[in-house]
Structure formats: structure tokens, C-alpha cells
Amino acid sequence: MRISCSLLLAALSLSSMLRAEDAPRVALGFEKAEEIEALAKAAENAAAEASADKGVTEGKQSLKVAFKQNTQWSSLALSGECLKGWDGAEAVALDVFTENAEGAELSFELQDSQSRDYATRCTLPAVKLAKGAQTLTWKLTHLRRNGKESGDWESLAPADKLALRDLVKVKIFTTPPKDRDLVVWFDNLRLTPKSPEALAAEKKESEANSAAEQVAYSANFENGKGLGGEGVPFKGNWLPLDKNVLPELAAPLGKGNDSKLALTVKAAKQAGAVCMELPLHGTVVEPEGWDGVVSLRIYNGGFKAFQMSYSPVIPSDITFHRVDFDAPKGAWTAIEIPLDKFLYHGRRPRRGCPQEYLCLIGMGPEADGSVFQFDDVKVKRVKRAGLPAAEPKAALPEGVAYAQSFDDAADFDLESFYPATRNANVFRVAGGLDADGKPVPAAKEGAAAPERGALELPCYEKNQEFSGGRSLSFAGEGHVIEFDCLLEGVTDFAVVVRGAKGRWRQYPTPEAGKWVRVTVSAEEFAPFGTAPKDGIEKKLSKAERFGGLFFSATADGSGASRVLIDNLTVKRVEPQPTKKE
């Protein structure tokens with residue numbers, strides 16, 4: 001009996017220990033005066049103070065916050081000791097009490113030491129508030145930076161994932177009502193430890209990420225659905241699915257392929273070229289530090305030549321990077337081609353971009369009923385060896401909303417598709433200006449490219465407007481946009497921003513053919529559609545906040561039109577004191 005009691009006590013003790021380990025840990029209880037003081041000081045458009053009469057769920061007091069009415073953003077910032085240990089948590093929970101919420105929302109935003117702007121922070125989904133007591137919970141798994149919303153988690157580079165171990169600030173923010181303060185009581189900010197299942201999945205992911213080669217996409221067509229069981233099979237061709245293009249899943253022809261099924265494309269002689277698209281579902285094949293490779297097996301049953309097209313969603317929605325290849329007739333041939341060989345206007349695909357599809361094209365069917373088959377398609381990534389370690393990004397100076405020198409090839413963050421571009425692209429190119437503001441000379445043949453860089457925005461058509469830029473959030477009032485630019489073969493160069501009520505633009509007039517420093521005030525934009533000669537008829541309101549910045553121009557008829565940008569900065573300037581008469 002004593003043994004049984006001892007065993008029972010031991011089991012109860014072990015159970016209690018396990019429950020303690022699994023129990024949520026209080027990260028911030030709002031009990032200490034110095035905590036309240038720090039929170040009140042860091043609040044933006046909000047007033048914070050200790051409260052003992054409402055919203056107390058742990059300890060003796062809660063934090064009362066009045067988010068000021070009629071402000072675009074109002075926030076509470078957490079920092080210091082309360083942010084330690086978040087990397088071991090699966091979720092964060094916060095007890096909330098309100099009396100006048102009525103549809104207001106709270107958002108959670110996390111920043112690590114590499115967060116410099118909206119794109120490099122991580123904003124969790126907003127949660128609607130209800131009247132009375134409630135507990136809000138946010139998941140802390142798979143946290144990606146705001147600028148990396150596309151693509152699957154596994155394909156993201158480590159730098160694209162927020163590092164909870166390196167957490168420096170957490171913001172709780174809201175947009176208060178226009179007619180009254182939003183008053184909220186907070187208590188018991190706590191962390192839920194990761195479950196054994198989550199820890200096991202994390203370990204598995206870590207082991208997979210350490211592999212020198214990974215498969216980003218594969219399709220062997222054995223399941224009878226065609227595209228790896230995803231997407232819409234047999235749709236998305238350049239040509240309609242009529243009698244000239246007859247795709248199907250069929251048994252492999254010839255010898256050398258023991259599979260049950262292969263994707264088969266038949267064509268009439270008059271078709272000229274036929275294709276089959278494999279959706280890649282936004283997969284990022286090449287995170288920074290990786291090289292992509294496409295491999296497959298193909299059977300040529302009567303085509304003169306073949307081509308593959310690889311299409312990123314970013315930086316443009318029409319960048320078809322193509323490669324030509326041959327396959328002998330009447331046999332299965334293994335093909336493996338690195339993405340370095342897929343070219344678009346002489347350039348390989350940009351790394352870090354989500355992919356739309358991989359397209360296989362048969363050209364020149366020699367007779368009616370010509371056929372090609374492909375099987376065992378894989379898009380792989382191979383880790384690049386000998387790369388220098390990524391340099392840590394310095395925090396932006398006070399008052400600077402965005403800064404881009406284009407010197408770091410791994411930190412290129414502009415897109416030609418914004419808001420929609422079909423005739424241009426954006427690239428980081430070697431060159432630009434040196435530290436003294438002088439043009440960097442071109443590298444001699446055989447010499448290494450200059451370390452400094454610039455943004456190149458080329459247009460591939462004549463007499464067409466084109467643009468390139470990025471999503472970017474900053475206040476209009478009190479900000480200036482500064483950059484160096486070089487214009488070649490363009491007219492009507494403009495700086496364009498997106499506001500809450502549409503797009504706005506300015507037309508600086510730098511001299512073409514030379515580097516010129518340009519400064520535009522964020523308060524001096526004209527409505528989109530205003531021509532340079534029209535001037536500014538309507539100014540932005542002081543409350544306007546921008547959600548995007550890009551450059552546009554009109555290509556002339558030379559066929560060699562481009563815009564070069566360097567040392568781009570968006571910063572706040574202090575108003576000059578008015579002189580007394």
C-alpha cells in the first residue's frame with residue numbers, strides 16, 4: 001500500500017511539473033510602476049495609466065489606455081524584458097476590457113533588429129473588439145515580414161522570416177473612432193509554450209533547411225490529376241484547347257519510362273507551337289543564397305525544337321524567362337537546366353520572387369498528331385557555396401521612413417508591376433554614384449563589377465508610359481522624397497505616390513543624360529492624370545498617408561529608354577520657423 005501511495009504521489013508530482021511547463025507564462029502583468037511609466041512614454045496618440053477598478057484579471061491592477069479620437073493610428077509599444085522568451089511561444093494572449101469598442105480593431109505588430117520599415121516588420125491579423133471582457137490571441141508561428149506575403153513558408157529565405165529570438169519591439173495599434181477616444185483596459189499579456197508537435201515540426205523544418213538541395217515543386221502525374229494534385233489541370237494554354245491542342249494523361253510512349261502516366265500534348269501541323277503550363281502556386285524557388293534548377297524527362301514524337309518558359313509574379317507579371325533545348329525524336333531524354341539559362345532581355349530570373357508557372361513549349365509539329373510527353377518534373381533549389389555572410393541592416397535614423405542605396409544586391413526591394421506594368425522591369429545594376437556623389441565608372445572587361453549599385457528601370461517598348469516602385473507607408477505631411485536620377489530616352493518623368501483616395505504625381509524636370517539630385521515635397525503632389533503643363537490644381541490634405549511610391553516616365557522612339565535611380569530616401573523635415581517682420 002505504501003508503494004502504491006508513493007507511486008501515486010510521484011505521478012501527481014510529475015503531472016504537476018508537466019502542467020507547470022505547459023502553462024502560459026506571464027510576459028507583462030502591468031503591476032510595476034516603471035512598466036506603466038515606460039508604456040505611457042512610448043504611447044503614440046494615446047494616454048496610458050494604471051487602473052485598479054476595471055479589466056483586472058491577474059494581480060492587482062490593469063493598464064488603462066485611451067486611444068485618442070480622430071487619429072489615423074494610435075499605438076502602445078512594448079519593449080525590454082517583457083519581449084524575452086517569445087521564440088519559445090506558440091501564441092500570445094492578452095485580456096481586454098472595453099465599454100465603447102463598437103467594431104474597433106486591435107492589431108499586433110512585431111519588429112526584430114532587422115525591421116526598418118513596414119515591409120520588414122510583421123503585422124498580425126487585426127482582431128475586432130467587443131463590449132465587455134474578452135481574451136485576444138495571436139499565433140506566433142510562421143511569422144513572415146510584411147513584404148514577403150507571397151509564396152510558401154518553406155521557400156522563404158531566413159532573412160524573410162521574423163526572428164522572435166531577436167525581438168526588439170511589439171506594437172498594439174488601432175484606428176480610434178472620429179468622435180471619441182477608444183478606451184481599453186489591458187491585463188495579463190501571456191505566452192503559450194510550443195506544443196511537442198510544434199517543436200517536432202520546427203526541428204524537421206530546421207533539418208530540411210540545412211539540406212544542400214531541396215525540391216520546391218514536383219509533379220509525376222501518377223495520381224491522375226496532372227499538376228501534382230493542385231491547380232486546374234490542362235488549362236492556361238496560350239492557345240485554346242481545341243482540336244489543334246489535345247493534352248491528356250496517357251501511358252508513356254516508346255522505351256525508357258516505366259511510369260504509368262505522362263502528361264501528353266498532341267498537335268496538328270498547323271498549330272505551329274503548342275504549350276502546357278504547370279502552375280507553381282507562388283512558390284519562391286530561389287530564396288537569396290540558392291540557385292534554381294529545372295529537371296524533367298521528355299519524349300519527342302515529332303517536334304522540331306522545344307522551349308521552357310519560367311514566369312515570376314514579381315517583379316513583373318509578364319517576364320517570361322525562356323530557354324531553348326533539343327530532344328531526339330522517338331526517345332525519352334533527361335533534361336536538367338539551371339535557372340541561370342532562363343533569360344529575359346539577357347537577364348536571369350530575379351531571386352526571391354514567387355513564381356506563377358513553368359511552361360513547356362513544343363515548336364514546329366511536323367505532322368498532324370505530332371506529340372510530346374513529359375514526366376517527373378522537378379524544380380529544385382541548390383544552396384550556393386562560398387557566399388559572404390549577410391550584413392546586418394542598420395536601423396533607420398530618426399525621422400527617416402525609407403532609405404535604399406541599392407548597394408546591397410540582397411536588399412533590392414522594388415517591383416516593376418506596381419501598380420501594373422507590362423512593358424518594363426526593374427533591376428539592381430552595378431554602378432550608380434560613389435560616396436562622393438560621382439558616377440561609378442563601368443568595370444573593364446574581365447574585372448569585377450563595382451560594389452555600389454543603382455536601380456535600373458528600362459522600358460522595352462517605344463512611345464509608352466512605364467513605371468516601377470514599391471509598397472511603402474509614410475505620412476505625407478512634413479516629408480520629402482530625395483534621390484539621384486539619370487534619364488535616358490524618356491520624357492514626362494514623374495514621382496508617383498498612392499494615397500487613400502487614389503494616386504498623385506509630381507513632375508520634376510532633371511536634365512537628361514546626367515546624374516541629378518532631386519528633392520520633392522510630399523505635400524506638393526497633383527492628382528493622377530494631371531499633365532506636367534497643368535500644374536498643381538489640388539493639394540493633398542495634411543492627414544493623407546501614402547501606401548506606395550514609384551517612378552514613371554514615357555519612353556521616346558529611340559528604343560533605348562531607361563531611368564536610373566540611386567540613394568533614395570523618404571524623410572521627415574522639420575518646418576522652418578516663420579520669420580517675423
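A residue is called buried when its relative accessible area is under 20%, exposed when that area is over 50%, and partly exposed in between (1.4 Å probe, protein chains only). The legends below describe a predicted model, in which local features need pLDDT of at least 70 and side-chain atom pairs count only at pLDDT 80 or more, while totals for chains, interfaces and linings use all residues. Residues are numbered from 1 along each chain as its sequence is written, and side-chain values use heavy atoms, with hydrogens and water left out.

**View 1. The whole protein chain.** The protein chain contains 3 helices and 31 strands; helices (H or I, at least four residues) and strands (E, at least two) are DSSP runs numbered from the N terminus. Of its 581 residues, 47% are buried. Among contacts (heavy atoms within 4.5 Å) with a separation of 6 or more, 76% join residues 24 or more positions apart. The chain exposes about 29,200 Å², of which carbon and sulfur atoms supply 52%; accessible areas come from the Shrake-Rupley method with a 1.4 Å probe, and for residues only the protein chains shown count as cover.

**View 2. The pair Phe-67 and Phe-186.** Rings of Phe, Tyr and Trp (its six-membered ring) pair if their centres lie within 6.5 Å; planes under 30 degrees apart count as stacked, over 60 as edge-to-face and the rest as tilted. By this rule the model has 19 aromatic pairs. Phe-67 and Phe-186 form an edge-to-face pair, 6.5 Å centre to centre with 75° between the planes. Phe-67 belongs to strand 3 (residues 62–67) and Phe-186 to strand 10 (residues 182–193), so that the pair links distant parts of the chain, 119 residues apart. Both Phe-67 and Phe-186 are buried.

**View 3. The pair Phe-306 and Phe-325.** The ring centres of Phe-306 and Phe-325 are 5.8 Å apart and the planes meet at 20°, so this pair is stacked. Phe-306 lies in strand 16 and Phe-325 in strand 17, 19 residues apart. Both Phe-306 and Phe-325 are buried. Together with Phe-221, Phe-303, Phe-372 and Phe-374, they form one aromatic cluster.

View 4. The strands follow the order 14-19-16-17, with antiparallel pairing; two strands pair if DSSP finds at least two bridges between them. Strand 14 (273–279) and strand 17 (321–325) stand at the edges with a single partner strand each, so one side of each has no neighbour in the sheet. Strand 16 (residues 303–312) is joined to strand 17 by 5 bridges.

**View 5. The surroundings of Ser-295.** Ser-295 is found in strand 15 (residues 290–301). With a relative accessible area of 11%, Ser-295 is buried. Not counting residues up to four places away in sequence, Ser-295 touches Ile-335, Glu-336, Asp-376, Val-377, Lys-378 and Lys-380.
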